[in-house]
Every structure is written in C-alpha cells, then in structure tokens.
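Subject: Handing over a structure

Hello,

Here is the structure I promised to pass on to you. Have a look at it first, and then read my notes below.

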Amino acid sequence: MGKFQIITHPLIQHKLTILRQTKTGSKDFRELVNEIAMLMGYEVTRELPLEDVEIETPITQTVQKRLSGKKMAIVPILRAGIGMVDGFLSLVPAAKVGHIGMYRDEETLKPVEYLVKLPEDIDQRQIFVVDPMLATGGSAILAIDSLKKRGASNIKFVCLVSAPEGVKALQEAHPDIDIFTAALDEKLNENGYIVPGLGDAGDRLFGTK
C-alpha cells in the first residue's frame with residue numbers, strides 16, 4: 001500500500017486556513033495555492049534519490065550529493081490543478097509538465113476526460129499528479145488510469161484538501177500510489193463537495209461561477 005501523509009507544517013496549515021475563507025478573493029487564492037504547493041513540494045520530494053558527484057570548491061576537490069537524474073513530471077488535473085504547477089516548478093524547474101483535462105458530469109457526478117497531453121517519456125519519469133481537491137476520488141483515479149495506460153508507474157498524488165471517501169476510493173483503485181494532502185476533512189456532502197472544504201477550487205482560482 002502506498003503511503004498516505006497529511007503534511008502538518010505550521011506555514012501550510014496557516015495558509016490553508018486563509019485559503020478556505022469565503023472572503024479570500026481570486027488573486028489571494030491563486031497566490032496561496034501556489035505557496036502551499038511549493039511548501040508541500042518540498043515535503044513530497046524528500047525521497048528523491050541522490051548520487052555522489054565530484055566537484056571543486058575554491059578550497060579543494062570533494063565528493064558531494066546531487067539529484068540522481070530521475071526525471072520528473074508535474075501533471076495537473078485541469079482546471080484547478082494548474083494553480084499548483086508553478087509552486088512545484090519553483091523547486092524543480094527542469095520538470096516537464098503534462099496536462100490531463102476533466103470535467104464533472106453534473107448528472108452522474110462522474111469525471112469525463114477530454115484532454116491528455118504528456119511528455120513522450122512519461123513512463124521514465126517520477127510523476128506528481130496535482131489537484132487542489134480529492135473529493136470523490138473519481139478524477140484522480142481516472143487521471144492515474146490514463147498515466148498507467150501510457151506506461152507510467154512512479155506516481156505520487158498531491159492535493160491540498162481531501163475527503164475520507166476520496167482517499168479510500170483512490171487507495172482501493174491504486175494501492176501503489178503515495179497520497180499527500182495538507183488536510184483530511186470531515187466528509188462529502190450530497191453534491192460531492194468536501195465539508196468544510198473550500199468550495200470549488202477552479203471557480204475560486206479563476207474567478208468563474
């Protein structure tokens with residue numbers, strides 16, 4: 001079973017509280033999502049492999065550590081996942097960015113995939129799938145299905161707020177995936193929204209209704 005980790009760093013929790021509030025407008029919401037994603041990125045990249053490399057300092061030759069060339073990809077689930085990309089890229093600027101587009105069918109509440117655009121060598125990359133919300137788990141499951149169909153195997157899912165139902169569904173569908181979240185909320189309501197949650201992350205990021 002992949003690991004499930006709630007990242008409880010005080011700065012993340014503080015920023016998440018502001019993010020949740022109705023009075024936080026789109027501009028601040030975007031900035032906060034970006035900042036929280038960067039802080040979470042620091043935590044979720046903790047296990048990246050290192051290798052020894054010989055370098056020269058002004059004083060001497062020495063053997064030190066660097067990332068061992070495991071190529072990375074950040075894959076936001078559209079629309080809202082886009083808000084987390086820059087935060088990750090500020091830590092790992094050489095990462096490639098793929099996109100998986102989904103919308104929620106208002107009748108069935110199930111996700112429908114409409115776009116998959118990924119780096120050609122996606123099967124060789126450490127992948128971070130990012131989406132602010134893990135609600136029913138449907139979008140995350142479908143996105144990871146898409147990645148696995150294309151040969152990807154090294155996948156971590158990163159979200160800001162999760163519901164127990166979504167975590168359970170994602171773990172059952174993809175037991176090998178590590179899940180990172182900044183908060184495990186109480187439940188889903190009858191409309192499939194996380195309670196207390198923060199509303200619709202896409203609408204709040206982009207100022208739509």
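**The largest pocket**

The largest pocket holds about 710 Å³ of space. A pocket here is found on a 1 Å grid over the protein atoms alone, as an open set of points where a 1.4 Å probe fits, with protein on both sides within 12 Å along at least five of seven lines; lining residues have an atom within 4 Å of a point. Grid points are joined across faces, edges and corners, and the volume is the space filled by probe spheres set on the points.

Before going further, please note that this is a predicted model, in which local features need pLDDT of at least 70 and side-chain atom pairs count only at pLDDT 80 or more, while totals for chains, interfaces and linings use all residues. Residues are numbered from 1 along each chain as its sequence is written, and side-chain values use heavy atoms, with hydrogens and water left out.

The lining of the largest pocket is made up of 31 residues, and those nearest its centre are Arg104, Asp131, Met133, Ser139 and Asp200. Which elements each supply at least two residues of this lining? They are strands S4 (72–78), S6 (99–104), S7 (111–117) and S9 (133–134), together with helices H4 (138–149) and H6. Helices (H or I, at least four residues) and strands (E, at least two) are DSSP runs, numbered from the N terminus.

The unreviewed UniProt entry has a "domain: Phosphoribosyltransferase" annotation on residues 7–208. UniProt positions follow the numbering used here, feature names are shortened, and annotations may be inferred rather than shown by experiment. Across residues 7–208 the chain is 31% helix and 31% strand, with the end C-alpha atoms 29 Å apart.

The unreviewed entry also carries a "binding site" annotation at Arg79, Arg104, Asp131, Pro132, Met133, Leu134, Ala135, Thr136, Gly137, Gly138, Ser139 and Asp200. Among these residues, the pocket lining includes Arg79, Arg104, Asp131, Met133, Leu134, Ala135, Thr136, Gly137, Gly138, Ser139 and Asp200. A "binding site" annotation in the unreviewed entry also covers Ile194, Gly199, Asp200 and Ala201. Ile194, Gly199, Asp200 and Ala201 are included in the pocket lining.

**A closer look at some of these residues**

Asp131 sits in the loop between S8 and S9. Is Asp131 buried or exposed? Its relative accessibility is 10%, so Asp131 counts as buried. Buried means under 20% relative accessible area, exposed over 50%, and partly exposed in between (1.4 Å probe, protein chains only). Leaving aside neighbours within four places in sequence, the contacts of Asp131 (heavy atoms within 4.5 Å) include Ile77, Ala80, Phe157 and Leu160.

Thr136 belongs to the loop between S9 and H4, and is partly exposed at 35% relative accessibility. Its side chain reaches the backbone nitrogen of Gly138 at 3.1 Å. Such a polar contact is a pair of N or O atoms within 3.5 Å; within protein, one must be able to donate a hydrogen and the other to accept it, and residues adjacent in sequence count only if both atoms are side-chain atoms.

The loop between strand S13 (194–195) and helix H6 (201–206) holds Gly199, and Asp200 lies in the loop between S13 and H6 too. Gly199 is partly exposed at 38%, and Asp200 is partly exposed at 28% relative accessibility. The side chain of Asp200 reaches the backbone nitrogen of Asp203 at 2.8 Å. Leaving aside neighbours within four places in sequence, Asp200 is in contact with Arg79 and Tyr193.

**Two cis peptide bonds**

Leu78 and Arg79 are joined by a cis peptide bond, with omega about 5 degrees. Arg79 is in the loop between S4 and H3. Val195 and Pro196 are also joined by a cis peptide bond, with omega about 0 degrees, and Pro196 is found in the loop between S13 and H6.

**Aromatic rings**

How many aromatic pairs does the structure hold? There are two. Rings of Phe, Tyr and Trp (its six-membered ring) pair if their centres lie within 6.5 Å; planes under 30 degrees apart count as stacked, over 60 as edge-to-face and the rest as tilted. The ring centres of Phe88 and Phe128 are 5.7 Å apart and the planes are at 40 degrees, so this pair is tilted. Phe88 is in helix H3 (residues 85–89) and Phe128 in strand S8 (residues 126–130), so the pair ties together parts 40 residues apart in sequence. Both Phe88 and Phe128 are buried.

Best wishes
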